[in-house]
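Hi,

Here is the structure I promised to pass on. Have a look at it first, and then read my notes below.

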Amino acid sequence: MYTTAIFYFFSAILVFAALRVITVRNPVHAALHLVLAFFTAAGLWMLLEAEFLAIVLVLVYVGAVMVLFLFVVMMLDINLDRLREGFWKYMPVAVLVSVLLMIEMALILGGRYFGLEVMGTPSPQPADYSNTRALGRLLYTDYVYAFELAAVILLVAIVAAIALALRRRKDSKFIDPAEQVKVKRDDRLRIVKMAAEKAPGAGIQDSAEKGA
Amino acid sequence: MDWATIQTVVWTLVKILALVVPLMLGVAYLTYAERKVIGWMQVRIGPNRVGPLGLVQPIADGLKLLMKEIIIPAGANRGLFILGPILAIAPALAAWAVIPFTDTLVLANIDAGLLYVLAITSMGVYGVIIAGWASNSKYAFLGAMRSAAQMVSYEIAMGFALVGVLMAAQSLNLVDIVKGQAGGFWHWYFIPLFPLFLVYLIAGVAETNRAPFDVAEGESEIVAGFHVEYSGMAFAVFFLAEYANMILVSALTTLMFLGGWLSPLPFLPDGILWWLLKTGFVLFLFLWFRATFPRYRYDQIMRLGWKVFIPITIVWIVVVGAMMQTPYGHLFH
């Protein structure tokens, strides 16, 4: 009963936050509501005893991805009036896409594959059961090829993103830290010995006048 | 709700209070220690007016900040402006739930403790970003941008350093990690994982936005960075969060690399005293850094995080993994 109460509490927040993401005007507020949605979803996963996935969701999505997202959204200067332009023009397409999405989700989630008879409630695990260990074992034994393949694809994506965005400007000045560390005093500074110069009487007279 | 549940909830709340109150006192006296230590390092006396040896100074400071008016700038986003400090302090306190002081003295001895700490502390950056953005001020916003990029960068190096620890300990549970270092200081993880220890310590300084990585505040460039518009208690909450995070990073360094509550020599008794001593020593290092080093330039901070620390940690994880397969593997456990 206690867990049920928590579940409904979290679900209510999750649904509310998710709705706010798409209804709120200010994009920064929308991103923050998305953070709240992720965090609440992590809470729900925790209820399902999927503690590793829950913590990783917070760590990766809340702690890193959304921070960068917010970073970008905050720097954009978004004109709300121009965003709402053509709302009715695109409405039919949007409705069509949403209906399609709903049909697809209904087909999958409609009880045949994810119903209570098929999935059932997971049986509670003993206290020393480590979700992290179990996941790691599965990933690196049964699904090792798929896992490595995904890793390689991600690596290719990283390399591609860097290769696309890399622009070497010829006129910009580069800093080589190794060179900087090696710098000696004599490279930068020249001490010159010379006799003291005297401007004819000017300095002394000036200060005397100001004092008076 | 039966009687037993209520009892557990109340008992847990009492335990939380017993954790948070000493922590807040620790924060207050850490500010005192900081001013004294840096004072001595710069051949000054430090605070010495309020109470004997200036010992009541932190209380006086706290009282003063409590009395001050909290000014919300006219152009600020009111709700988020207030949310900022709350989001800064909440993770700094929540992470303490899994920190063990001895093998039995821990609020929640959970299995994925290390991951939990990493996830919760990664939330701390929101306080800074939201405060910077909601203030609607150039300086605050620049500070927020700097700190967002910096904290996300150093989190990666920090996370990789922790991967080395969990490989050595073969557990994510903080109590088990300390137990894996039993048997004298030559068993502590800072020896086999020395590069990771250094990376973690320095990344910890950068994560908490402390000097020499305090560009988020950078008072000589951007006034006071993200909290320039805050006054009174709202400002104090940021201050509390920063110092609570400092103590947290020191405690984690102690637990993961310096043997936690274990005594350095096997014949001496273990206990919370060792924990306090080691954490105090790491905190002293934080203060020492601040008194010694000039502030890093921003591009150099980024270079250090991405091009120096992350490669070091990755190489050392491979070294640890490879060594574990050799007959010398026991050295890395």
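Predicted model: local features only at pLDDT ≥ 70, side-chain atom pairs only at ≥ 80, totals over all residues.

Let me begin with chain A. Its secondary structure comes to 11 helices and zero strands. Of the 212 residues in chain A, buried ones make up 10%. Among contacts in chain A with a separation of 6 or more, 56% are between residues 24 or more positions apart. The domain assignment divides chain A into domain 1 (1–79), domain 2 (88–120) and domain 3 (130–169). Between the C-alpha centres of domain 2 of chain A and domain 3 of chain A there are 30 Å.

Now for where the two chains meet. On the chain B side 18 residues are in contact with 18 residues of chain A. Three helices of chain B, namely α4 (113–121), α5 (124–134) and α6 (138–169), each supply at least two residues of the side that touches chain A. Sorted by class, that side of chain B has 13 nonpolar, two polar and three charged residues.

How many residues of α5(B) are buried? The count is 11 of the 11, so α5(B) is largely enclosed by the rest of the structure. Among the buried residues are B:Tyr126, B:Ile129, B:Ile130 and B:Trp133, and the glycines B:Gly124, B:Gly127 and B:Gly132 are buried too. What do they pack against? From chain A come α2 (27–47) and α3 (51–75), and from chain B come α3 (78–94), α4, α6 and α10. Just after α5(B), B:Asn136 has a positive phi of about 60°.

B:Ile129 turns up again in the nonpolar core. The largest such core has 121 residues, and those with the most contacts inside it are A:Phe38, A:Ile55, B:Ile129, B:Ala144 and B:Ala203. Setting aside neighbours within four places in sequence, B:Ala203 is in contact with B:Tyr154, B:Ala157, B:Met158, B:Ala161 and B:Phe309.

B:Leu193 sits in the loop between α7 (174–179) and α8 (194–207) of chain B. Is B:Leu193 buried or exposed? It has 25 C-beta neighbours inside 10 Å, so B:Leu193 counts as buried. Not counting residues up to four places away in sequence, B:Leu193 touches B:Gly164, B:Val165, B:Ala168 and B:Phe257. From B:Leu193 to B:Phe309 it is 116 residues in sequence and 14 Å in space, C-alpha to C-alpha.

The other one, B:Phe197, is in helix α8 of chain B. B:Phe197 is buried because 22 other C-beta atoms lie within 10 Å. With neighbours within four places in sequence left aside, B:Phe197 is in contact with B:Phe190 and B:Phe257.

There is also a helix pair to look at. Helix α2 (residues 57–67) of chain B packs with helix α10 (residues 232–257) of chain B at an angle of about 135°, and their axes are 6 Å apart. That angle is why α2(B) is described as oblique to α10(B). The residues that meet are B:Gly62, B:Leu65 and B:Leu66 from α2(B), and B:Gly232, B:Met233, B:Phe235 and B:Ala236 from α10(B). By class, this contact has five nonpolar, two polar and no charged residues. Further along, B:Phe239 is also found in helix α10 of chain B. B:Phe239 counts as buried because it has 20 C-beta neighbours inside 10 Å, and 20 or more is the cut-off.

Last, some backbone angles. Most residues other than glycine have a negative phi. B:Gln170 is not a glycine, yet its phi is positive, about 55°. With 12 C-beta neighbours inside 10 Å, B:Gln170 counts as exposed. B:Asn209 also has a positive phi, near 60°, and is found in the loop between α8 and α9 (219–222) of chain B. B:Asn209, however, is buried, with 26 other C-beta atoms within 10 Å.

Best wishes

Definitions and conventions:
Residues numbered from 1 in each chain as written. Chains lettered and ligands numbered in written order. Contact = placed C-beta atoms within 7 Å. Helix = DSSP H or I, 4+ residues; strand = E, 2+ residues; numbered from the N terminus. Nonpolar A, V, L, I, M, F, W, Y, C, P; charged D, E, K, R; others polar. Domains from an automatic or database assignment. Axes fitted to C-alpha atoms, helices over the stretch in contact; angles between N-to-C directions. Parallel < 35°, antiparallel > 145°, perpendicular 65-115°, else oblique. Core = buried A, V, L, I, M, F, W, Y, C linked by C-beta atoms within 7 Å.
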